[in-house]
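Please have the sequence and the model at hand while reading the points below.

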Amino acid sequence: MAQFWQQVVSGLASGGIYASLALALVIVYRSSGVINFAQGEMATFATFLAWTFLHHGISFWPAFALTLAVAFAGGVALERVVIRPVEGRPVLTVVILTIGLLILINGATQWIWGGAVRKFPSPFSTRPIHVGSAAFSIQDIGIVGVCLVAVALLTLFFRFTKLGLGLRAAAVNPEESRLVGVRVGWMLALGWGLSAALGAVSGMMVAPVVFLDPNMMQGILLYAFAAAVLGGLESPVGAVVGGLALGVLLNLLGTYFSTFGGEMRLVGGLAVILAVLLIRPTGLFGRTAVRRV
Amino acid sequence: MSRRLALNTAGFVVAALVVAVLPRFISSYHALEWANVGIYFVALLGLNVLTGYSGQVSLGHGAFMAIGGYTSAILIAHHGVHDVWTIPLAGLVAGGAGLGFGLPALRLTGLYLALATFAVAVAFPALARKFERFTGGNAGLVLTLHTNDWLYYLSWSIAGAGLLLGWLVLATPIGRSFRALRDSEVAAISSGISPALYKTLAFGISSFYAGIAGSLVAISTAYVNPQTFPITLSLFLVVGLAVGGLGSLPGSVVGAILIQFLPTYAAHVSKQAPQVIEGAILVGVMLLLPGGAAGLFRLVQSSRQP
């Protein structure tokens, strides 16, 4: 039983990472109906920036905050420069554009920092704390904590600020929001900025665990997709619940069924995507889209 | 219409002649490079049926190429089947896998297909390593070598047949249904076209092409392992598709040439340069020239007519 709870907690830690990236995807999806395939690579790029800050002697939490600010600005800039010109074009065009960004940013990361695998320091100690017969690592608990705080802050922002209200309004009904004075274009850019910052959180939390390399987020992006699909692609609550549930599920699968251990965890993520699409395509919290013809 | 048909036929015959005599003028090494162009062309034809004509995008065509490649390799290495006969089988296996995969992935919008195919491309190498008994794991499977000229003619005759088949399919009511769904799903549904059926069919056809291309990769490199079909292959195919032009089958040649030759030339700048350039090209094309090379051709053509 001790092993079970240990696996649940470390599953929650990976789940928190998936949840942050999944939430980033969902924010962009809600505001523009597009999946940003470059979300993972943007997070990797930000994490490499954080590594550079740390390398220059800035301590962890200031570097963390600085990275979030840069990622936010980068996200806003990317939306303004690359995505805005194709606003109103078919979704396919925008999706292919984000695939271009994926390739471009991944290539740029390798160009700037090289392909070598690096160690990324963890702000938390890996020392275990003992509860009964189970041993939980402080790092796992810290990761869950940071991801949940990020999500909570974002929720407060969306719920209780005027800007958050504007963002939600622009996502639900851009036409009418424009009429009441919401600057919809800037709201989209803001959404991209918040997503980029959230992605950076997941990148900086996962890097100490999997080591920092330019392709580190490819697998995480797969899990974030699975989490978002599981929760329902347009539901922020769903992304968080889906991420945490997925982390625990994959951990337990890997522990008790050796087939899904190691690299096969990726196949587990794929299986979750396909199973959700077969059984309940709108996910746990999604609503069936009703279209007026 | 008949004039267009005559023009297309003339264009096809001229192109076929050029392709047929080209190996007389280039070295054997270059013939192999051009054989690869033919292979990418086949893969892009399939991707174009899916993306250009029915409005879905696949980020995992490398994985479906891998299914075809492994089908051929296993038949050749374990069962002693002659290379050429494995090609149609590889197409059918990959096409069948595509139909099975499209069924859940296409229940909602095309975005889910993009997302699920990305997951397939990322997860495929793990699967190939897992079933080591069939796939040879990381060591892969070694096949028989062929001469470069033979590979050149093999891949280009299949590319030619694939182009004709693509035209044929798109000229039938099936092709019209694809375009109808792409242009307005609502209007298509009200005319009695089942979106799930036709989208899955488009994905099946496109996976069939991918399987054939993958089989040709296996035969021409005489070797497959999990790294033969990396995720970057899937992504570069999307670049080639966009550059060649969505919705233009012959335009895909331009995309195939880009996929084959850009890495060689860009590597002179830096080892990482090809990827940055591919990404920048894709972003640039989507921003400035959504029709790709074929769109540019049409633009020049229409500006010349007063």
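1. Basis. The model is predicted: local features need pLDDT of at least 70 and side-chain atom pairs count only at pLDDT 80 or more, while totals for chains, interfaces and linings use all residues. Residues are numbered from 1 along each chain as its sequence is written, and chains are lettered from A and ligands numbered from 1 in the order in which they are written.

2. Chain A, overall. Eleven helices and two strands make up the secondary structure of chain A; helices (H or I, at least four residues) and strands (E, at least two) are DSSP runs, numbered from the N terminus. In sequence order the pattern is α-α-α-α-β-β-α-α-α-α-α-α-α. The radius of gyration of chain A is 19 Å, close to the 19 Å that the globule rule gives for 293 residues, so chain A is as compact as a globular protein of that length. That radius is taken over C-alpha atoms, and the globule rule is 2.2 Å times the number of residues to the power 0.38. The C-alpha trace of chain A spans about 60 × 50 × 35 Å along its principal axes.

3. Chain A, burial and contacts. Of the 293 residues in chain A, 52% are buried. A residue is buried if 20 or more other C-beta atoms lie within 10 Å of its own, exposed if 12 or fewer, and partly exposed in between, with C-beta atoms placed from the backbone. Among contacts in chain A between residues at least 6 apart in sequence, 74% link residues at least 24 apart; two residues are in contact if their C-beta atoms, placed from the backbone, lie within 7 Å.

4. Helices α3(A) and α8(A). Helix α3 (residues 60-83) and helix α8 (residues 184-210) of chain A pack at an angle of about 140°, and their axes are 7 Å apart. Axes are lines fitted to C-alpha atoms, for helices over the stretch in contact, and angles run from 0 to 180 degrees between N-to-C directions. The two helices are therefore oblique to each other; angles under 35 degrees count as roughly parallel, over 145 as roughly antiparallel, 65 to 115 as roughly perpendicular and the rest as oblique. Residues of α3(A) in this contact include A:Phe64, A:Leu68 and A:Phe72, and those of α8(A) include A:Leu188, A:Trp192 and A:Met204. By class, this contact has 16 nonpolar, five polar and two charged residues. Here Ala, Val, Leu, Ile, Met, Phe, Trp, Tyr, Cys and Pro count as nonpolar, Asp, Glu, Lys and Arg as charged, and the others, Gly among them, as polar.

5. Chain B, overall. Chain B has 14 helices and two strands. Its radius of gyration is 19 Å, close to the 19 Å that the globule rule gives for 306 residues, so chain B is as compact as a globular protein of that length. The C-alpha trace of chain B spans about 55 × 50 × 40 Å along its principal axes. Of its 306 residues, 56% count as buried.

6. Helices α2(B) and α12(B). Helix α2 (residues 28-54) and helix α12 (residues 252-266) of chain B pack at about 130°, with axes 8 Å apart. That angle makes α2(B) oblique to α12(B). Among the residues that meet are B:Tyr40 and B:Phe41 in α2(B), and B:Ile257 and B:Ile259 in α12(B). This contact has nine nonpolar, five polar and one charged residues.

7. B:Gly162. Is this glycine buried or exposed? With 24 C-beta neighbours inside 10 Å, B:Gly162 counts as buried. B:Gly162 belongs to helix α7 (residues 148-171) of chain B. Neighbours within four places in sequence aside, B:Gly162 is in contact with B:Val42, B:Leu45 and B:Tyr209.

8. Contact between the chains. In chain B, 39 residues are in contact with 38 residues of chain A. On the chain B side, α4 (83-105), α5 (110-130), α11 (231-244) and α13 (273-288) each supply at least two residues. Of these, α5(B) gives the most, with 14 residues. By class, that side of chain B has 30 nonpolar, five polar and four charged residues.

9. A:Gly107. This residue lies in helix α4 (residues 91-113) of chain A and is buried, with 23 other C-beta atoms within 10 Å. Not counting residues up to four places away in sequence, A:Gly107 touches B:Gln272, B:Gln275, B:Val276 and B:Gly279.
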